[in-house]
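This report describes a structure with its chains and a ligand. The sequence and the coordinates are shown below, and the notes after them start at the ligand.

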Amino acid sequence: MKRLQQAIPALIPLVVVTAAAEFAVRQGLVRAYLVPAPSSVLQAMIESRQELLSALLTTSLSALLGFLLSTVAGTTIAVFLASSRAIQRAFYPYAVFFQTVPIIAIAPLLVIWFGYGTRTVVASAFVVSIFPVIANTLSGILSTDPALRDLFRLYGASTPVTLFKLRFPAALPQILTGLRVASGLAVIGAIVGEFIGGQGLGSVVDIARTQQRVDKVFAAVLLASVLGLTLFGLINLISYLTLRRWHASEQ
Amino acid sequence: MQPSGGVALDLKGVRRVFENRLAVIENLHLAVEAGEFLAILGPSGCGKSTLLRLIARLAEPDAGSIHIEPETQFQTAFVFQDAHLLPWRTVLDNAALPLELMGVARDERHGRARTALEQVSLLEAADRYPAQLSGGMRMRASLARALVTNPRLLLLDEPFAALDEITRFRLDTQLRELWRQRGMTVIFVTHSISEAAFLANRAVVLARRQGRIKLDRRLELPAERGNELRTSPELGREMRLLLAAMEEE
Ligand SMILES: Nc1ncnc2c1ncn2[C@@H]1O[C@H](COP(=O)(O)OP(=O)(O)O)[C@@H](O)[C@H]1O
Ligand SMILES: [Mg+2]
């Protein structure tokens, strides 16, 4: 109930903007082929619900798969980079470089490598979302409390034991921050991949664009945002469940 | 369980330098008897923590030698300035951590961790998480973690500095009691003159530069130390001597 009350301020702009848009389009202040009336977006959603829902499902699976791949590969790479200063100096610059390559530029390359279809879309989601996982995990692992490192050494803990019992759990808040960023990027990556070589919401947007169906474009974009928000919320929930004991002030 | 009793230390000509700098510790000689309670005082930055890490064998001296007699694995425990507990573990699992790292089976280490928690009067908080404890309780959990292995050498690096005075007094008394029961060797680093005088049997004052020993004094105080000692003339006399040594250049 309290939560609901807290959500009300955020709902006000939504209601106001939606109402204003509806009014503006109906009065002919804005051309309907540029910005659709919210009511027609809703209508498009209902009319094409079959197509949109199956597109949403396709995009969700690809984004999720790409995100899971970046989580696993990203943390593994971060552990590898953290293993020695020399390895870090040798490889980290490439990770940074990799991040600066725009996905839209390499997406065609992915199509050449993986063909049209899910594999390209997953690869695209993976490529754009792995860097924040690497960067955050690495910085988390490297900032382990020196006193605790001393403590583990004092009792003869090996490097893997120290990694799994100290460095990794201690880095969890930072790792989760990386995953939060990565989840949003994975959705973007999946949609970009679908523009060029796949099905799902990205291709719905692309096709609707050629048909000048702005209402359908908006409907698909709206669903993509919902997907992004859902993933984000999921990571927040996992964060809350795993970290609440760290900060618990109640008994 | 390991045999109790303390270890003797003999530091000869110890030197420690960090890259491109003056030596933090230069030609330090210090002998510590088994079972002694030694306080080390000195201005901040004079090398006290560096010295403790050398004694704990967490770092190597650049010259000289540190002899510990007898020396066995896992006989040393370290308590840091802040509790440094693992926030994702309960108090019990924090206290059991050293045993876990040493490979002691779960049931045994939990039993021993409970004993250690009982000794610092924290058993009732065994299932809580560090975030649910007060500063003093966290420090006691940290102390239990150090005691759980029955160390023969206990090193403490300004352990109670961040606590309020009453909590510190209680912990001082508790620590001294534990030392008397176990006969381990304790080296207690502090910048509090009153704490050093109250706790220790012997106090060493280090100079600001190169860890030179300015004063090495056996304190003339009774073995039994209650709170009434804190305001006594005897303690005052010892504190004046330590203070004079700290102030002299
Ligand atoms: N790992 C290190 N690298 C470089 N300098 C260090 C390192 N550790 C300590 N020092 C320096 O050595 C001096 C003594 O430090 P420390 O032993 O921590 O002093 P204290 O514990 O007495 O305050 C300080 O000047 C500190 O900056
Ligand atoms: Mg220090």
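## Ligand 1: polar contacts

A polar backbone atom of B:Lys48 lies 2.8 Å from an oxygen atom of ligand 1. For B:Gly45, a polar backbone atom is 2.7 Å from an oxygen atom of the ligand. B:Thr50 takes part through its side chain, where an N or O atom is 2.5 Å from an oxygen atom of ligand 1. On its own, ligand 1 has 560 Å² of accessible area, and the protein covers 60% of that. Accessible areas come from the Shrake-Rupley method with a 1.4 Å probe, and for residues only the protein chains shown count as cover.

This is a predicted model, in which local features need pLDDT of at least 70, side-chain atom pairs count only at pLDDT 80 or more, and totals for chains, interfaces and linings use all residues. Residues are numbered from 1 along each chain as its sequence is written, chains are lettered from A and ligands numbered from 1 in the order in which they are written, and side-chain values use heavy atoms, with hydrogens and water left out.

## Ligand 1: the shell

The residues around ligand 1 (those with a heavy atom within 4 Å of it) are B:Phe18, B:Arg21, B:Val24, B:Ser44, B:Gly45, B:Cys46, B:Gly47, B:Lys48, B:Ser49 and B:Thr50. Helix α1 of chain B, residues 48-55, gives the most to this shell, with 3 residues. Helices here are DSSP runs of H or I with at least four residues, strands are runs of E with at least two, and both are numbered from the N terminus.

By class, the shell has 3 nonpolar, 5 polar and 2 charged residues. In this scheme Ala, Val, Leu, Ile, Met, Phe, Trp, Tyr, Cys and Pro are nonpolar, Asp, Glu, Lys and Arg are charged, and the others, Gly among them, are polar.

## Interface of chains A and B

Contact, meaning heavy atoms within 4.5 Å, involves 22 residues of chain A and 26 residues of chain B. The two chains bury about 2,200 Å² between them, 66% of it on carbon and sulfur atoms. Buried area is the accessible area (1.4 Å probe) lost when two parts are put together, summed over both. A:Leu154, A:Tyr155 and A:Trp246 supply 33% of the area that chain A buries against chain B, more than any other three residues.

Between chain A and chain B there are 2 salt bridges, each a side-chain nitrogen of Lys or Arg within 4 Å of a carboxyl oxygen of Asp or Glu. The side chains of A:Lys165 and B:Glu100 meet in a salt bridge at 2.6 Å, N to O. On the side of chain A that touches chain B, α7 (146-154), α8 (159-197) and α10 (214-247) each supply at least two residues. Helix α7 of chain A gives the most, with 7 residues. That side divides into 13 nonpolar, 3 polar and 6 charged residues.

## Chain A and its helices

Chain A has 10 helices and 0 strands. Its C-alpha atoms fill a box of roughly 75 × 55 × 30 Å along the principal axes.

Over all chains, the whole structure has 25 salt bridges. A:Glu51 and A:Lys216 form a salt bridge, with their closest N and O atoms 3.0 Å apart. A:Glu51 lies in helix α3 (residues 49-82) and A:Lys216 in helix α10 of chain A, so the pair ties together parts that are 165 residues apart in sequence.

## A loop in chain B

B:Glu69 and B:Pro70 are joined by a cis peptide bond with omega of about -10°. B:Pro70 lies in the loop between β4 (63-69) and β5 (76-79) of chain B. B:Phe74 is found in the loop between β4 and β5 of chain B, and its phi is near 60°, a positive value in a residue other than glycine.

How values were computed. Polar contact = N/O pair within 3.5 Å; in protein donor to acceptor, adjacent residues only side chain to side chain.
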